[in-house]
Amino acid sequence: MSTTSTYQANDGAAYERFIGRWSRRVADCIAETIAFPDDGALLDVGCGTGSLAAALKVRHPDRRIVGIDVAEPYLAFARTRPDLGSVEFLKQDAQEISFADNSFDGAGALIALNFMADPLKAAREMVRVVRPGGTMVAAAWDFRGGLVYQRLLWDTAAALDPVAAKTRDKIFSNPLALPDGMANLWRAAGLAQVERQSLTVRMDFANWDDYWQPLLGGQGPVGGYVAALESDLQARVCDAVRDAFLSGDGDGPRSLTATSWVVTGEVCA
């Protein structure tokens with residue numbers, strides 16, 4: 001994430017409970033289906049708590065894998081994960097990557113570029129550090145049409161709070177959240193053979209508390225919004241969102257769909 005991003009990233013454990021547990025499912029699918037040529041190093045850009053790095057390590061155990069992010073609390077959490085002991089985690093801004101040209105055989109960015117101040121600059125930096133012929137992949141949530149847990153919250157809260165409506169509209173209208181957004185970014189960065197796919201996973205919540213409590217950790221735009229609400233408004237939003245979550249049934253498990261746009265491209269010679 002960019003140093004000028006408004007994404008709140010101050011607690012790795014809270015992030016994992018909030019969204020990391022679900023982005024891991026996207027990362028696993030990417031690692032299993034996207035081919036990276038040869039056997040050289042791979043770069044995880046905006047790595048957060050290490051979801052994509054972990055998935056790549058399982059799929060490519062003998063390759064060097066490096067994760068970079070500007071959020072030290074997330075990097076610190078990633079460094080404690082027992083499944084990531086051999087992965088290098090470095091504090092770097094994706095918009096100014098501190099590696100030489102052609103340092104990697106491939107690079108990925110998982111749900112990260114759309115939160116950066118200048119995603120095109122970050123994409124061009126990724127192109128610079130990936131060798132010609134290397135593969136780049138990025139994923140962004142389909143906030144407007146495919147991320148049910150956030151639509152449920154934002155649409156409900158927007159009826160009670162103009163700030164929620166304004167925040168929702170900003171997130172949902174972000175060019176990189178639209179169907180062609182990530183593909184257009186890849187083309188603007190100079191990548192060839194750009195392909196887009198829609199990838200859907202499930203968010204399996206045990207009950208209402210499993211949905212709501214992680215939002216109070218204050219991570220990201222949605223968590224930051226909920227955690228910052230005055231107590232009275234937060235209680236009203238909570239009650240309204242709970243009614244939407246339960247949808248006339250008793251409390252218990254809910255499985256919500258979460259779709260992301262995944263794009264790949266090849267670095268040109």
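## A tour of helices and sheet

Start by selecting S23, which is found in helix α1 (residues 12-33). Helices here are DSSP runs of H or I with at least four residues, strands are runs of E with at least two, and both are numbered from the N terminus. This is a predicted model, in which local features need pLDDT of at least 70 and side-chain atom pairs count only at pLDDT 80 or more, while totals for chains, interfaces and linings use all residues. Residues are numbered from 1 along each chain as its sequence is written, and side-chain values use heavy atoms, with hydrogens and water left out.

Is S23 buried or exposed? S23 has a relative accessible area of 2%, so it is buried (under 20% relative accessible area; exposed is over 50% and partly exposed lies in between, with a 1.4 Å probe and protein chains only). Show its neighbours next: not counting residues up to four places away in sequence, S23 touches Y15, S51, L110 and W141. Contact means heavy atoms within 4.5 Å.

The axes of α1 and α3 are 8 Å apart, and the helices pack at an angle of about 85°. Therefore α1 is roughly perpendicular to α3. Axes are lines fitted to C-alpha atoms, for helices over the stretch in contact, and angles run from 0 to 180 degrees between N-to-C directions. Angles under 35 degrees count as roughly parallel, over 145 as roughly antiparallel, 65 to 115 as roughly perpendicular and the rest as oblique. From α1, select G12, A13, Y15 and E16; they meet P73, Y74 and F77 in α3.

Turn to the sheet. Seven strands form an open sheet in the order β3-β2-β1-β4-β5-β7-β6, with mixed pairing. At the edges are β3 (88-91) and β6 (192-205), each pairing on one side only. Two strands pair if DSSP finds at least two bridges between them. Zoom in on β1 (residues 42-45) and β2 (residues 65-69), which run parallel and are joined by four bridges. D44 has G67 in β2 as its bridge partner.

Which strands does α4 lie across? Helix α4 lies across β1, β4 (104-110) and β5 (130-141), running at about 150° to β5.

Finally, select α4 (residues 119-129) with α7 (residues 181-188): their axes are 9 Å apart and the packing angle is about 55°. The two helices are therefore oblique to each other. In α4, P119, L120, A123, R124 and M126 meet L185, W186 and A188 in α7.
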